[in-house]
Amino acid sequence: MSDPRPKELPKAYDPASVEKKWLERWEADGVFHADPAGTGPVFSMVIPPPNVTGILHMGHALNDTLQDIIARSKRMQGYRVLWMPGTDHAGIATQNVVEKSLAKEKIRREDLGRVAFVERVWKWRDEYGGTIVEQLRRLGCSCDWKRLRFTMDEGLSRAVREVFVRLFDRGLVYRSHYIVNWCPRCETALADEEVNHRDLDGAFYHIVYAVEGSEEKLVIATTRPETLLGDTGVGVHPEDERYRHLVGKHAILPILGRKLLIIGDPAIDPAFGTGALKITPAHDPVDFELGRKHHLPSVNIMEKNGNLNAEAGPYRGLSRFEARKRVVERLQADGLLVKTEPHRHAVGHCYRCDEVVEPRASEQWFVKMKPLAEPAIRAVESGEVRFFPNRWTKVYMEWMTNIRDWCISRQIWWGHRIPVYTASDGRYTAAHDEADARRRLGLEESAPLRQDEDVLDTWFSSWLWPFSTMGWPDASPELEAFYPTKTLVTGYEIIFFWVARMMMAGCEFMKQPPFSDIYIHGIVRDPTGAKMSKSKGNVIDPLSVIDRFGADGLRFGIISITSEGQDVYASEDRLEIGRNFANKIWNASRFAMMNLPPNLPEEMPPAPGPHERWILSRLEDAVQKTTSLLDAYHFNEAAGRLYDFFWGEFCDWYIELAKPQITRTDVAGTLRTVLETALKLLHPFMPFLTDEIHSILTGSQRSLDCAAWPRSLPGRRDEALENRVSRFLIEPVGAVRNKRAVHRIGAKETVQVSVSVTTDGVAEAFGEFSADLERLARARVACIQKGLPRPPKSVLALVTPEAELFVHLPESMDLEQERERLAAEAAQIQKYLHSVQAKLKNEKFINNAPEAVVREERRKAEESRVKLERLNENLRSLA
């Protein structure tokens, strides 16, 4: 059957109109909806839910493009694909956003009260929470948007309560007075993984503590002198000869005069500082454990906001940093500050607001993690779950085998309120609701109850994401069909926050891991290796890139510069490769469609010509490699193979070779077959562009998501032909073009070429492609001959074991001037190379410069070395 209709693309690609058109069509056609009752193999993934407060950043662009490539390629391979979308309620982050909004109205959340404040947050979420979802759609994410979930929707909230109650009933949830990380800005506890440590310049303050009833004095060093107001003991090593006679006696606390028991404990390092340790159980994790072990009182000197309380005596009401200053001044005045030493040390900061975190003892809820970790460890050890790249396995295993209990309570209002209810007699239980709590506690229906004021850590809902989004705790068609999922794609920074916890939740509540493949990608950084942040002014806005380059330009650009598992060093210049490639695909497709004859048979006749057999062989290689690389999660290598095939082999070579014969049916048929197959291979990377071109090429209005992935046809591969074309056409043309460029021979000027060969067979092979060489290199083949001596005024362009190819220089060229020009250029590059190499030999530069800067200098050195080598070769060829 034939298609007589003319097919023509507009002259220029307009991403905005094409993207709008296909977003609407995909949605209307239900292309991304997965039917649990359907037939065929299943592939499922869950999106790492972005924060409801979020807007699209480059990390999302990378993460979600990777997932979309997987989802679209699997659909084309015949799978029923469920890519589950959703957003996270982001407790602390969202509460902070709404509190800032209220502050503009001069309202505090306490003025509203809990119920009204939470209602205000829900209102904010309804107004602004869908922004990130629309931006993900604009990126082209092929999620099943009809199944959009939210970590605080009713179904997921029910799952959270169910899990908490089950863990409570198993004795894996407990409440304890314990030292936690405390954010004074957010006024809440933080898990260890929610604290970012940065090295800051501080000081060691050496403070005198008198020993009661003697003239002896202890000098104790601390980086936080304000916390001495909470000291309740002094510790030394029991075998330390300097201090062991003091064990059991008392020291006197400076300023407040409190008596402090001197204890001996082998955990105290006599070589650290002065060997004597001030013990502040309420404000240091090590001191907390020492205090419990030796039954020392715990004195909390800080309010929730970080200001000092009544226990701090005269410093009550001061901020912790102002109190530090005043305490140091008082110690100096009393002659109790021996010295101050500069000291650079790691200081914890809140991962949300960047406030300096304080260790603070308080009542919190915890989950016992070791029993949950054991099956999740076994799943990785057995190979049931695999990390890509594999090196992240070690990171996961080390954290899991040394796991600490998880602090799950947060002192905020937005989030899943902890489902623990306390009766008037003080007894408490976890329960699904108040009625369930009364039943569990044996109370009457009207008995008063008080629910815990705290909410759960945001990650407590996220760790259930792979199965709670599919209807758990109920049995559901989705769980039956799509759980466990196959692949998780995420960044390495949340392996502990999320990946490990999902593993534990899946093994505990579903009795099997939630996924089998975990692909870990890096962080998107700026070209110097710095993390992107608004304060540094180095942020790339992906929406701005989409406006300039199109969504497909951004998608292909970010994948092209992303090596497996490595951080990505991005700039708009580096991303421009995607825009340029999209334009190349459009222009090549437009040329093909303008030149394809009407009524071209759908079944392509055999392609007898070497050009056609060569491009079909290279197409087969592209199909095989792209498929295997995607299966192995080598995304940038797959993108690179498609780029090289389409731009290099198809456009630069085949289309140019085909131009004189494009009206021939076998040539036109080959052109159309290769183009259509290439569009299918490119579709997961560039879905808008490929759907638009394919629909015009074929007349089909269905997305390529519904098309079959290109099948491998090993019979098309002809490696012997590929080798011949490379040796006798591609390499010679490249060599002649290179010499034309080096010697600045005008584009319109035809050059003569002579070839010296070793055998008649080689001469024959060169002869087969001589017409192509002449046309593509703007040359005239003067001679192909065995044992041909080098012609006068020629340069050696190509040397192989079987041939030498000479390019005759124009008669008008002055060889001496040409040698001088090339020598001057070589000297300039040599000077530059020397300066770069000197920088790379400088240890100070290597040790202090960002990794990306060092890598760029090495690239410059290698590029200059290659240029210099080529120039010297050209100089030698002129000798």
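Modeller: Let's start with the term itself: rings of Phe, Tyr and Trp (its six-membered ring) pair if their centres lie within 6.5 Å, and planes under 30 degrees apart count as stacked, over 60 as edge-to-face and the rest as tilted. This is a predicted model, where local features need pLDDT of at least 70 and side-chain atom pairs count only at pLDDT 80 or more, while totals for chains, interfaces and linings use all residues. Side-chain values use heavy atoms, leaving out hydrogens and water, and residues are numbered from 1 along each chain as its sequence is written.

Biologist: How many aromatic pairs does a search of the whole structure find?

Modeller: It finds 42 aromatic pairs.

Biologist: And how do I read one of them?

Modeller: A pair of aromatic rings is described by the distance of the centres and the angle of the planes. Take F117 and W413: 5.8 Å centre to centre with 65° between the planes, an edge-to-face pair.

Biologist: Are F117 and W413 buried or exposed?

Modeller: F117 and W413 are both buried; buried means under 20% relative accessible area, exposed over 50%, and partly exposed in between (1.4 Å probe, protein chains only).

Biologist: What about W365 and Y428?

Modeller: Their ring centres are 6.0 Å apart and the planes are at 85°, so that pair is edge-to-face. W365 counts as buried at 1% relative accessibility, whereas Y428, at 35%, is partly exposed. Ring pairs also link W365 and Y428 into a cluster with others, including F164, W406 and F509.

Biologist: Which residue lies over the face of W413?

Modeller: R109 does, at 4.7 Å from the ring centre. For a charge to sit over a ring, NZ of Lys or CZ of Arg must be within 6 Å of the ring centre and within 35 degrees of the ring normal.
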